[in-house]
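Open the model in your viewer and keep the sequence panel beside it. The stops below say what to select and what is there.

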Amino acid sequence: MILTVDVGNTRIKAAVFEGGTVLEIFTFEKNELEKKIKKILEKFQKCSDLVVASVGNIEKQSFLTFEKDLKVHFLTHEDVFPFTNKYATPKTLGIDRMVLAAGATLKFPKQNRLVIDAGTCITYDFIDENDNYLGGAISPGLRLRYESLHNFTARLPLLTLESPDSYIGDSTKQAIHSGVVNGFVYEIDGFIDEYRANFSNFIIILTGGDADFLAKRLKNTIFANSNFLLESLNQTFQYKIDND
Ligand SMILES: Nc1ncnc2c1ncn2[C@@H]1O[C@H](COP(=O)(O)OP(=O)(O)OP(=O)(O)O)[C@@H](O)[C@H]1O
Ligand SMILES: CC(C)(CO)[C@@H](O)C(=O)NCCC(=O)O
Ligand SMILES: [K+]
């Protein structure tokens, strides 16, 4: 059994796997890390490895306290990945993006793949059919858009996510919801159209905290899997064991 942990920019997600099957998924805040991991390991005592991918500034020490119970692994860009990294700055590529790219490469062989992670940031990652990781894009996620409109202006209120009535917002609130939600949807549809115009035979994977909200609003119908990063962490770790 393997415990995978995704330390995101905002929250932490964890999953216990038995082979390729996920047994349970957990979401928690950073200040609860040690308490929650301890509980998970009490429940799943057969866990032999803890695999961490972190883009947040979490203390490594919080994980190392579990080394008495099982083996602890922190994935980095120095691990083995199933793609050729063509990013011009491979050392600054986020480990979450590398793990998503690895999961897409292993799960969908011999085709072009686009992974869209709608989390704190929206990230786009493209791996071509020859397993070259080419890069993608980084832009602000839904909640970040609402927060920055409020934080960097004098008069805009902080709103929480709501579907706009129309693309023509007829009040301050509706104008913000339209700008944030429709802007988000148009951006993603626009990127998908651009990739489709340039590549054939490709698959799109949509994941992250806003994946489900987004999936039903896109013009392009695509399959959403909000656990794709955790599943990819499990697969990346298996790949590392087999190829190290
Ligand atoms: N409790 C919550 N806290 C934060 N974001 C939430 C919450 N519930 C839903 N969301 C939505 O999820 C999005 C954040 O996604 P996610 O949880 O994947 O981010 P994250 O944990 O920071 O991970 P990553 O850094 O990989 O993006 C926000 O834009 C927000 O709309
Ligand atoms: C883009 C984020 C913040 C998304 O979580 C993360 O992948 C990151 O910190 N990346 C580093 C920059 C890069 O990927 O080029
Ligand atoms: K993200």
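In this tour, two residues are in contact when they have heavy atoms within 4.5 Å of each other. The model you are looking at is predicted.

**Stop 1: F213.** Select F213, which is found in helix α6 (residues 211-215). Is F213 buried or exposed? Its relative accessibility is 17%, so it counts as buried, the cut-off for buried being under 20%. Now show what surrounds F213: apart from its neighbours within four places in sequence, it is in contact with L142, L161, S163 and V181.

**Stop 2: the whole chain.** Zoom out and colour by secondary structure. The chain has 7 helices and 11 strands. Its C-alpha trace spans about 60 × 40 × 30 Å along the principal axes. For 244 residues, a compact globule would have a radius of gyration near 18 Å, and the chain agrees with this at 19 Å. Buried residues make up 47% of the 244 residues. Of the contacts with a separation of 6 or more, 52% are between residues 24 or more positions apart.

**Stop 3: two helices.** Select helix α3 (residues 95-107) and helix α7 (residues 228-243). How do they pack? The angle is about 75 degrees, and the axes are 8 Å apart. The two helices are therefore roughly perpendicular to each other. Show side chains on both: on α3, the residues that meet α7 are D96, V99, L100, A102, G103, A104, L106 and K107. Their partners on α7 are F228, L229, E231, S232, L233, Q235, T236 and Y239. By type, the residues of this contact are 9 nonpolar, 4 polar and 3 charged.

**Stop 4: two backbone angles.** Most residues other than glycine have a negative phi. Move to K110, in the loop between α3 and β7 (112-118). K110 is not a glycine, yet its phi is positive, about 55 degrees. With a relative accessible area of 72%, K110 is exposed.

Next, select D131, in the loop between β8 (121-127) and β9 (132-140). D131 also has a positive phi, near 65 degrees, and is a residue other than glycine. Its relative accessible area is 25%, so D131 is partly exposed.

Conventions
Residues numbered from 1 in each chain as written. Chains lettered and ligands numbered in written order. Predicted model: local features only at pLDDT ≥ 70, side-chain atom pairs only at ≥ 80, totals over all residues. Heavy atoms only, no water. Axes fitted to C-alpha atoms, helices over the stretch in contact; angles between N-to-C directions. Helix = DSSP H or I, 4+ residues; strand = E, 2+ residues; numbered from the N terminus. Parallel < 35°, antiparallel > 145°, perpendicular 65-115°, else oblique. Nonpolar A, V, L, I, M, F, W, Y, C, P; charged D, E, K, R; others polar. Rg over C-alpha atoms; globule rule 2.2 N^0.38 Å. Buried < 20%, exposed > 50% of the residue type's maximum accessible area, 1.4 Å probe, protein only.
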